[in-house]
Amino acid sequence: MRLFVSYIGFFFIICMFALVGLFYGPSDASLSELASGLIRSDDGPMEMIIWSIRIPRIILSLLTGCCLGLSGALIQLSSRSSIGDPNLFGIGGGASIFLAGSYAGIFVFNEHWIFLGSIISSLIISLILSRLIASKDLTPIKLAIMGIALGTLTVSIGTAVISFGRVFPGQVLGLVAGSFTSSNWDKIVYLLIILIPVLLITFILSKRFYPIMLGDVLSKSLGVNPIRNRNIAMSLAGILSGASVYAGGLIGFVGLVAPHLCRKILGNHPSHLILGSTILGGLLTLFSDQLARLLFAPTELPVGMASTILGAPMMMYLAWRLK
Amino acid sequence: MKIDISNLSVLFDDQIILDDISCHFPEGKFSCLVGENGSGKSTLLRTLTKDIDKFQGSITDLKSSDYSYIPQNIDDPEFLSVQEVVKLGFYQSKISDQDLNLQSHQLLKRFDIEHLESRRFSEISMGQKQRAWLAFALAQDKKVILMDEPLAAVDLQSRKNFYSILNTVSKENRTLVLVTHDLEIAMEFCEHMVHLHQGAISFEGPPKNF
């Protein structure tokens, strides 16, 4: 019953933020004008604003957040680290290097290949991390420190790559600090193609990821191969994280906060952790984007900045509780 | 299930860790493997669990479905509560969610830690953690339980309690082997003792004969 109420609650909060995203913005249109833009099918400016700018942005920020939340849950499950986050640990940074190269004109691909390239670059970093976790002496805290170093390194390389080309500052900022200003329906389709199958696979396998939390020796004694299952979980996390950076740039802390919030609200059951982290990731990112859009409107903040304001104190709290 | 070890030798980098040892651990008894640090007792256990696979001699072939193993210095599992750790012990048994809750509760109750079941694992005391790990091992319902000195940082009274629990657990037709350097308490509670000294066996038998 409590679970049911929580999910309904998430749904209503998301709807509320979506309405805010739909009806508030820099165009100063009245509610009735916007409402008619939503329904009417002529090609007026209001219809353009609603259907080509605001609605895609709401959906894309939601889906990107879903990817980040699920990716964070997978990383925390398989690394046993409470501060696991795809962008903090450099997995998203892999995709940002690739995208930087593409923005800077170092290589020219069409959109399909840019999307695929982002995913593959993140996948590579996630498999490197998975390999690191498998080495025996790496405690969760050591792993976190190495992950953060890897994260900083990837962002630096990405920034270095991007400064080769003459790129608009807005594009650079959008990549390293996150932005949904260039949302469109194509990106939504790309994200759905990734998110739906990965979510299904994670659901099916989620029970197998749980024993990994006890460490490699004990999960072996429960008949679960820790290395293989961790490779699977980290690959899924890498794919999701690459897709999220392609859609919205590097948005920090959503992947860290969503699973923790989910444990607090829904508990630790595998299927609720997976579903809840996905939904809460979406909710947090949608909220961060609305904050970024409206806080100092018409000037927009990077969405990663808004999510960091929420996430950084949470990480400090978690670090405080570490032993 | 009886464990037999005959003429076992283990070498690390040309250094002899275990030198042609033969011993056994009987079924239904609480056995202790004692010795000083570096005497080779952990190596013997890790050979049984196939963590070490280069050796000479013969040992009872233990499959992962035969034994549960609690290693030395286990990291606290992040995120999990005491009850969730014990529940994971039932991972391989196909029981309903309701039975899972009931049985894990009963195990915790048996070791007097049922009031802690919803606490985070990392927040409970060392002595309580040991009992929770034992509950986790028992949940797996295997014939052999191997424990590597899970008592390092615990006060004397809790250690004695834990040893007497182990003694009753071994009576359920289990082979229970505990590695420890605590000779005095081992002699008080265990029924079969193997003493290692510099990679060789210096005593095997009931502790009263030591």
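Reply: **A close look at one lysine**

Beyond its neighbours within four places in sequence, Lys41(B) makes contact with Leu33(B), Val34(B), Gly35(B), Glu36(B), Glu149(B), Val179(B), Thr180(B), His181(B) and Leu196(B); contact means heavy atoms within 4.5 Å. Before we go on, please note that this is a predicted model, in which local features need pLDDT of at least 70 and side-chain atom pairs count only at pLDDT 80 or more, while totals for chains, interfaces and linings use all residues. Residues are numbered from 1 along each chain as its sequence is written, chains are lettered from A and ligands numbered from 1 in the order in which they are written, and side-chain values use heavy atoms, with hydrogens and water left out.

Where does Lys41(B) sit? Its place is in helix α1 of chain B, residues 41-48. Helices (H or I, at least four residues) and strands (E, at least two) are DSSP runs, numbered from the N terminus. Is Lys41(B) buried or exposed? With a relative accessible area of 5%, Lys41(B) is buried. Here buried means under 20% relative accessible area, exposed over 50%, and partly exposed in between, with a 1.4 Å probe and protein chains only. For a sense of distance, Phe55(B) is 14 residues from Lys41(B) in sequence, and their C-alpha atoms are 15 Å apart in space.

Strand β8 of chain B (residues 192-197) pairs with strand β9 of chain B (residues 200-205) in the antiparallel sense, over five bridges. Two strands count as paired if DSSP finds at least two bridges between them. One bridge can be picked out by eye: Met193(B) has Gly205(B) in β9(B) as its partner. β8(B) and β9(B) form a hairpin with two residues between the strands, and there Gln198(B) takes a positive phi near 45°.

Chain B has another hairpin for you to look at. Strand β1 of chain B (residues 3-12) runs antiparallel to strand β2 of chain B (residues 15-25), with seven bridges joining them. Leu8(B) stands opposite Ile21(B) of β2(B). Two residues lie between β1(B) and β2(B) in this hairpin. Asp13(B), in the loop between these strands, has a positive phi of about 45° although it is not a glycine. Asp13(B) counts as exposed, because its relative accessibility is 78%. β1(B) also pairs with strand β4 of chain B (residues 56-59), antiparallel and over three bridges. In that pairing Ser9(B) stands opposite Gln56(B) of β4(B).

Stepping back, chain B as a whole contains six helices and nine strands. Its radius of gyration is 17 Å, close to the 17 Å that the globule rule gives for 210 residues, so chain B is as compact as a globular protein of that length. This radius is taken over C-alpha atoms, and the rule is 2.2 Å times the number of residues to the power 0.38. The C-alpha trace of chain B spans about 50 × 35 × 30 Å along its principal axes, and 53% of the 210 residues are buried. Of the contacts in chain B between residues at least 6 apart in sequence, 67% join residues at least 24 apart.

Now for chain A, which has 13 helices and zero strands. Its radius of gyration is 20 Å, in agreement with the value near 20 Å for a compact globule of 323 residues. The C-alpha trace of chain A spans about 65 × 55 × 35 Å along its principal axes, and 55% of its residues are buried. A detail to find here is Phe253(A), in the loop between α10 (226-248) and α11 (254-266) of chain A. Phe253(A) has a positive phi near 75°, in a residue other than glycine, and Phe253(A) counts as buried because its relative accessibility is 13%.

Last, the surfaces and charges. The accessible surface of chain A is about 14200 Å², with 73% supplied by carbon and sulfur atoms; for chain B the surface is about 9800 Å², with 45% from those atoms. These areas come from the Shrake-Rupley method with a 1.4 Å probe; for residues, only the protein chains shown count as cover. Chain A has 20 positive and 12 negative side chains, and the centres of the two sets lie 21 Å apart. In chain B the mean positions of the 22 positive and 31 negative charges are 4 Å apart. Lys and Arg count as positive and Asp and Glu as negative, with His and the chain ends not counted; each charge is placed at NZ of Lys, CZ of Arg, CG of Asp or CD of Glu.
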